[in-house]
Amino acid sequence: MNLLFICFAGITSVMSLLTFTLFAVDKSHAIKNKFRIPELTLLFITSIGGWIGSILSMLIFHHKTKKAHFIITI
């Protein structure tokens with residue numbers, strides 16, 4: 001039971017860090033008018049365990065906070 005919890009926590013942490021990084025890169029690219037990361041990619045990574053990273057990055061970078069459908073989906 002403890003091993004399962006540790007594995008779940010580790011995977012969630014890695015996915016959240018990855019998601020946070022992807023949101024940061026996408027925000028940077030949005031500012032610089034460069035190639036963006038597709039919303040479906042961001043939503044997919046969020047759905048497979050990166051929800052903490054996506055919420056934190058939305059709060060810190062103010063990224064994707066004006067898109068109601070994106071917020072509702074997350």
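Leaving aside neighbours within four places in sequence, which residues is Leu43 in contact with? Phe70, Thr73 and Ile74, where contact means heavy atoms within 4.5 Å. Some notes on the rest follow.

1. Ground rules. This is a predicted model, where local features need pLDDT of at least 70 and side-chain atom pairs count only at pLDDT 80 or more, while totals for chains, interfaces and linings use all residues. Residues are numbered from 1 along each chain as its sequence is written, and side-chain values use heavy atoms, with hydrogens and water left out.

2. Overall layout. The protein has three helices and zero strands, reading α-α-α along the sequence. Helices (H or I, at least four residues) and strands (E, at least two) are DSSP runs, numbered from the N terminus. The C-alpha atoms fill a box of roughly 45 × 20 × 20 Å along the principal axes.

3. H2 covers residues 39-61, 23 residues in total, yet its end C-alpha atoms are only 16 Å apart, against the 33 Å a straight helix would reach. That expected span is 1.5 Å times one less than the number of residues. H2 bends by about 125 degrees at Gly50; the bend is the angle between axes fitted to the seven residues ending there and the seven starting there.

4. What H2 hides. Its buried residues include Gly49, Gly50, Gly53, Ser54 and Ser57. Buried means under 20% relative accessible area, exposed over 50%, partly exposed in between (1.4 Å probe, protein chains only). The cover over the buried residues of H2 includes helix H1 (2-32) and helix H3 (68-73).

5. The H1 side. Thr19 sits in helix H1 and counts as buried because its relative accessible area is 1%. Beyond its neighbours within four places in sequence, Thr19 touches Ile45, Thr46, Gly50, Gly53 and Ser54. Met15, also placed in helix H1, is buried at 14% relative accessibility. With the neighbours within four places again set aside, Met15 is in contact with Ile45, Ile48, Gly49 and Gly50.

6. The core. Phe23, Ile37, Leu42, Leu43, Met58 and Phe70 form the largest nonpolar core, six residues. H2 gives the most to this core, with three residues. By nonpolar core I mean a set of buried Ala, Val, Leu, Ile, Met, Phe, Trp, Tyr and Cys residues joined through side-chain atoms within 4.5 Å.

7. Totals. Buried residues make up 27% of the 74 residues. Of the contacts with a separation of 6 or more, 64% are between residues 24 or more positions apart.
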